[in-house]
Amino acid sequence: MRKRLLFWLLAALLGVALSQQSPFQQRVNQVIQSGGAEFQKSMQQDPDQALCSQYRDKLPPELVPAFLERQKKLIKYPADGRLMGDWKKGEELFTNPRKGNCYACHTGDPREPGAGNMGPGLVGYGARGTSEAVVRYTYEKIYNAWATMPCSLMYRAGYHGILTPEDTAHIVAFLLDPASPVNANLKR
C-alpha cells in the first residue's frame with residue numbers, strides 16, 4: 001500500500017514538473033507573443049519541421065521517403081518551364097543578403113573574398129554539365145533543400161518565398177553556365 005501511494009505521488013510530481021516551461025522556453029514564448037500575430041504565425045513549425053526537431057535532424061530511415069515526397073510537392077517551377085535562367089541575374093541574387101545570400105555559406109566566384117565555407121564550395125560546379133537531371137537537381141536543391149536532403153541546414157529559399165521560381169532558375173544558371181565566373185577555371 002505504501003509503495004503504491006509513493007508511486008502515485010512521484011508520478012504526480014513528475015507530471016507537474018514536465019508541464020512547467022523552462023525559463024528559456026518562457027522567454028522564447030514571450031518574444032514570439034510580443035512580435036504580433038504575423039510573427040507568431042511565421043514561428044510555428046510545419047509538420048516536417050516538427051519531425052526534424054523531434055528527431056534532432058536525423059530522421060529514422062522509414063520516414064525519409066514520405067518526407068522527401070512531401071517536400072518535392074512543395075516545389076514550384078518557373079511559368080515558362082525553364083530551370084536555367086540568366087547567370088548574371090543569378091550572380092546578383094547569389095550575393096544579395098536579402099535574397100539568395102548564398103555567399104554566407106558557399107564560395108561561388110573564386111574572386112569573391114567574403115565567401116563563407118559552412119556549405120560546400122561551389123567553384124567549378126558547372127563541371128557537372130547541364131543535363132536535364134543536373135539542372136533539375138540543382139533547381140530543386142536551391143528551391144527546397146529538404147526535397148533532396150531531409151532537415152538540411154540549408155534554408156528552403158523558394159518554399160519560404162525568399163526566392164521566386166524565376167530567381168531560383170537564375171541562380172541555377174550562375175552555378176552551371178560555362179560563362180559564369182563560378183566556372184571560369186574549368187578546362188574547356
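Predicted model: local features only at pLDDT ≥ 70, side-chain atom pairs only at ≥ 80, totals over all residues.
How many helices and strands are there in the chain? I count 8 helices and 0 strands.

**Overall layout**

I read along the sequence and got the pattern α-α-α-α-α-α-α-α. Next I looked up the extent of the chain. The C-alpha trace spans about 85 × 40 × 35 Å along its principal axes. For the radius of gyration I have 22 Å, whereas a compact globule of 188 residues would come out near 16 Å.

**H4 against H5**

I then turned to a helix pair. Two packed helices are described by the angle between their axes and the distance between the axes, so I wanted both values. Helix H4, residues 47–54, packs against helix H5, residues 64–73, at an angle of about 145°. Their axes lie 11 Å apart. I noted the crossing of H4 and H5 as left-handed.

Which residues make the contact? From H4 I have Asp 48, Leu 51 and Cys 52. From H5 I have Phe 67, Arg 70 and Gln 71. Sorted by class, the contact of H4 with H5 has 3 nonpolar, 1 polar and 2 charged residues.

**Largest pocket**

On to the pockets. The largest pocket holds about 570 Å³ of space, and 27 residues line it. Nearest its centre I found His 106, Gly 119, Pro 120, Lys 141 and Met 154.

Which helix gives the most to this lining? I have H7 down for that, with 4 residues. Helix H7 covers 132–143 and helix H8 covers 165–176, and each supplies at least two residues of the lining. By class, the lining of the largest pocket splits into 18 nonpolar, 7 polar and 2 charged residues.

**Second largest pocket**

Here I get about 180 Å³ of space. What lines the second largest pocket? My list runs Lys 41, Ser 42, Met 43, Gln 44, Gln 45, Asp 46 and Gln 49, plus Tyr 159 and His 160. By class, I put down 2 nonpolar, 5 polar and 2 charged residues for the lining of the second largest pocket.

Methods:
Residues numbered from 1 in each chain as written. Heavy atoms only, no water. 1 Å grid on protein atoms, 1.4 Å probe; cavity = no way out; pocket = protein on both sides within 12 Å on 5 of 7 lines; lining within 4 Å. Points joined across faces, edges and corners; volume = space filled by probe spheres on them. Nonpolar A, V, L, I, M, F, W, Y, C, P; charged D, E, K, R; others polar. Axes fitted to C-alpha atoms, helices over the stretch in contact; angles between N-to-C directions. Left-handed = near helix turned anticlockwise from the far one by under 90°. Contact = heavy atoms within 4.5 Å. Rg over C-alpha atoms; globule rule 2.2 N^0.38 Å.
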